[in-house]
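Thanks for coming, everyone. Please have the sequence and the structure open while I talk. I'll go through it piece by piece.

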Amino acid sequence: MAESEQYDDKPKETAQGNAREKYVRFWLQSIEAQRKDDRDWLKNATEAVRIYRSDTKGADTTRHVEFNIFHANVETTLPAIYNSVPVPDVRRRFGDKDKVAKTVSQMLERCLSFSVDNYDFSETMRQVLFDGLVPGRGVARVRYVPYFTEMGEQEAAEPPDSVANEAPPEPQQQLSYEEVSCEYVPYTKFIVGPGDTWEDVPWLAFEHLLKREQIEKLVGKAKAKKVQLDFNIDGTEDISDNDNEADQFKRARVYEIWDKEERKVRFIATGYTTEPLYEEDDPLGLDGFFPAPRPVQPIMTPGNLVPVCPYEIYKSLVEELGEITFRIKRLVKQLRVRGGTAGGETDLEKVSAADDGQLVPIEGIEAFLSTGNDINKMIAWWPLEPTVKALAQLYQQREQVKQTIYEVTGISDIVRGASKASETATAQEIKNQWGSLRIQKMQGDVQRFARDIFRLKAEIIAKKFAPETCMMISGITLLPGQQKQMIQQQLQMAQQPPMPGQPPAPPPQIPDEIKRALEEPSLEEVFGVMQSDVMRSYKIDIESDSTIRSDLTRNQRQMNEFLQGSAQFVAAVGPAVQTGQMPGNVAAEVYTAFARNYKLGKQAEDALDKMAENASNPQPPKPDPEAEKAKAQIALEQEKAKIQQQTDQAKLQLEGQKMQMQAANDQAKMQADMAMQQQKMQFEMELAREKAAQEYQIRMMEVNADIEIKRQMAAEQANLNAAMSQNKMALASDEAKNKAKIQKSQAQARPQ
């Protein structure tokens, strides 16, 4: 059915009852039309599942499971395309120094990692891939689940089982937590609208079988009573909707339709055609609208989205293999040693029934053998040679059919772990590399599917999650721009010098979490980028690491080559960097380009980028604490020697003055009393002036010495306090001595 044919007659959805009933019938007819297009595939898929399970209930599949190679191929292929949980990898798209993009990528990556670990994501992936390998199409969908708090109790606003989003919460409910998950969708419950490519698909539908209680949660009790439970899950005959005893078996068939054209989600029940059960406008706000990524389909044909069951590709070979195995089984039953004897030979019957090594007497055997007769002539054996030859041909033919199946499916011997003992390790590696080329296409599709799931989850987290939820999950604290600005202003005011006469204010105590938040962008900057589809796609890229566990031997060899190459690079470039012939930043850039040729992982690449950044912006060398300590000690010794020299000069000056005073006293004795008195007064004034100058000079030397020592020895103040104390004591002692000498000189200079 072409898309134009379906939508040309699409009725307009109005409030009128007749138009809405016609609208419901239109959707039910559209779904039924798509079911007709998928009818052959669904039939083949059901048969493939039965073959995989070796279910012999179907008469046409009894011989197909005699040698269930289809089961073996699926069990071999599934671990080859998926055997480890994918890890989300969110990083800046261009690797530039954008702090906002870096914070956005870190927050989304941590939220995605938590969402993968919060439930059994790996089991969901295996169910999807099983549907891809057996029925031919594997589907999963993402779901946003908010949790609300009402009247002091936390209750989850959980939608009905396998149903999308419930009606919006009541106004009195408050959002307390939210999560995004991924769930498996059975291939029989998924309907794809008409389209040549996935981008052209106009709508998707999910089929649900709901109980009456689930319908009540969706639309309320009044409307739920009008819905007829028209499906029986136990496979029995139709049960009357009024039969309350059979409620446990009755369900309502409800289709959840995601209409991309009108960007609406509708729930339509086959047992209630008056109007849609429930309608909602674009509940997730996704850029692609659909809550499911492009399904996993191992066999894709351009222009046709109807899946192809992989089993149908080599069904005839599997049937031939089963027929050969069935014939081998029948011929093996015929491989029994049988023969005929003449009537009445009872002793021969005893011999045929004897156990291994048992001897049975035969009457008259001596006379029979004495005449030259052969005992073999008494028994006619049933010929076994034709059966043995037929079995040999059948076994050979079965091996040839198996090899043909391996060629058709692309499962080589090396993928199955088989190899020849005579092959070298290189030959086995080449077989592994080229023998798995076909399966690499499926591995790439699995990685694409995991990446699409992560992108849908990231888009829901960015658009639907509250900032508090993102910060709580990721552990990254962000501050609003206004609050961040206020804290920075307070820090700047605290760093300003105090007013004259006021003591300095103590530095503010800021928690480490707030300090880290000040270094991050503001809340508005981060979520402005996260919640914008355009900015988010410009700034970051969401990928998934490999979901395939690579060959350990090859990885180890590559790592050894990387380490050897690194050692050779350092040996060759290191001397040039040390001598200054090559700048360090150039060497770091060259090494980073060399290392990117190896898949070292995200952490190693981030470390390489950090190394190159540090090489481009070298930090000044840190001072040696021991050298600084020795330098300060030398300066202290020099200052002490300078002070001692000044003290000695002061002592010499005092001695000279003492001699002058003695001469003045001798001369004063010879002069008149008046002249003697004048000289005495002049001498006292001169002595007082010199004493004041000396005290001032000594005090200034002490102050200058203290200031210089405190400035140079701030880091070693505790160790130098003792030295300063000794210096002050020495100065005090010298001053005391000087005072004593001056007083003694004055006493001698006084007239007797």
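The side chains of K223 and E275 meet in a salt bridge, with 3.4 Å from N to O. This pair links distant parts of the chain. K223 sits in helix α8, residues 221–224, while E275 sits in the loop between β9 and β10, and the two are 52 residues apart.

Some ground rules before I go on. This is a predicted model, where local features need pLDDT of at least 70, side-chain atom pairs count only at pLDDT 80 or more, and totals for chains, interfaces and linings use all residues. Residues are numbered from 1 along each chain as its sequence is written, and side-chain values use heavy atoms, with hydrogens and water left out.

Now the terms. A salt bridge here is a side-chain nitrogen of Lys or Arg within 4 Å of a carboxyl oxygen of Asp or Glu. In general, side chains of opposite charge can pair when their charged atoms come close. Helices (H or I, at least four residues) and strands (E, at least two) are DSSP runs, numbered from the N terminus.

Back to E275. R20 lies in helix α2, residues 17–37, and E275 lies in the loop between β9 and β10, so the pair ties together parts that are 255 residues apart in sequence.

Are these two buried or exposed? Buried means under 20% relative accessible area, exposed means over 50%, and partly exposed is in between, with a 1.4 Å probe and protein chains only. R20 counts as buried, at 14%. E275 counts as partly exposed, at 25%.

There is a wider picture too. R20, K223, D259, E262, R266, E275 and E279 are linked in a network of salt bridges. Across the whole structure, a search finds 25 salt bridges.

K463 forms a salt bridge with E459, and the closest N and O atoms are 3.2 Å apart. Both residues lie in helix α15, residues 437–464. They are 4 residues apart, about one turn of the helix. K463 is partly exposed at 25%, whereas E459 is buried at 10%.

Q443 is buried, with a relative accessible area of 15%. Its side chain reaches the backbone oxygen of A80 at 2.9 Å.

**Strands**

Next, β9 and β10. Strand β9, residues 264–269, pairs with β10 in the antiparallel sense over 4 bridges. Two strands pair if DSSP finds at least two bridges between them. K264 has D281 in β10 as its bridge partner.

Look along β10, residues 278–281, where the side chains alternate. Y278 and E280 point to one face and are buried.

Now a second pair of strands. Strand β1, residues 88–92, runs antiparallel to β13, and 5 bridges join them. P88 stands opposite S544 in β13.

**Cysteines**

How many disulfides does a search of the whole structure find? It finds 0. A disulfide here is a pair of cysteine sulfur atoms within 2.5 Å. Take C111: the closest cysteine sulfur is in C470, 4.7 Å away, too far for a bond. Both residues are buried, C111 at 2% and C470 at 0%.

**One last residue, then the whole chain**

K658 is in helix α24, residues 625–670. K658 is partly exposed, at 40%. K658 and S745 are 87 residues apart in sequence, yet 6.8 Å apart in space, C-alpha to C-alpha. K658 touches S745 and Q748, not counting residues up to four places away in sequence. Contact means heavy atoms within 4.5 Å.

Finally, the totals. The protein chain has 26 helices and 13 strands. Of its 752 residues, 36% count as buried. Among contacts with a separation of 6 or more, 73% come from residues 24 or more positions apart.

That's my tour. Questions, please.

Note on methods
Polar contact = N/O pair within 3.5 Å; in protein donor to acceptor, adjacent residues only side chain to side chain.
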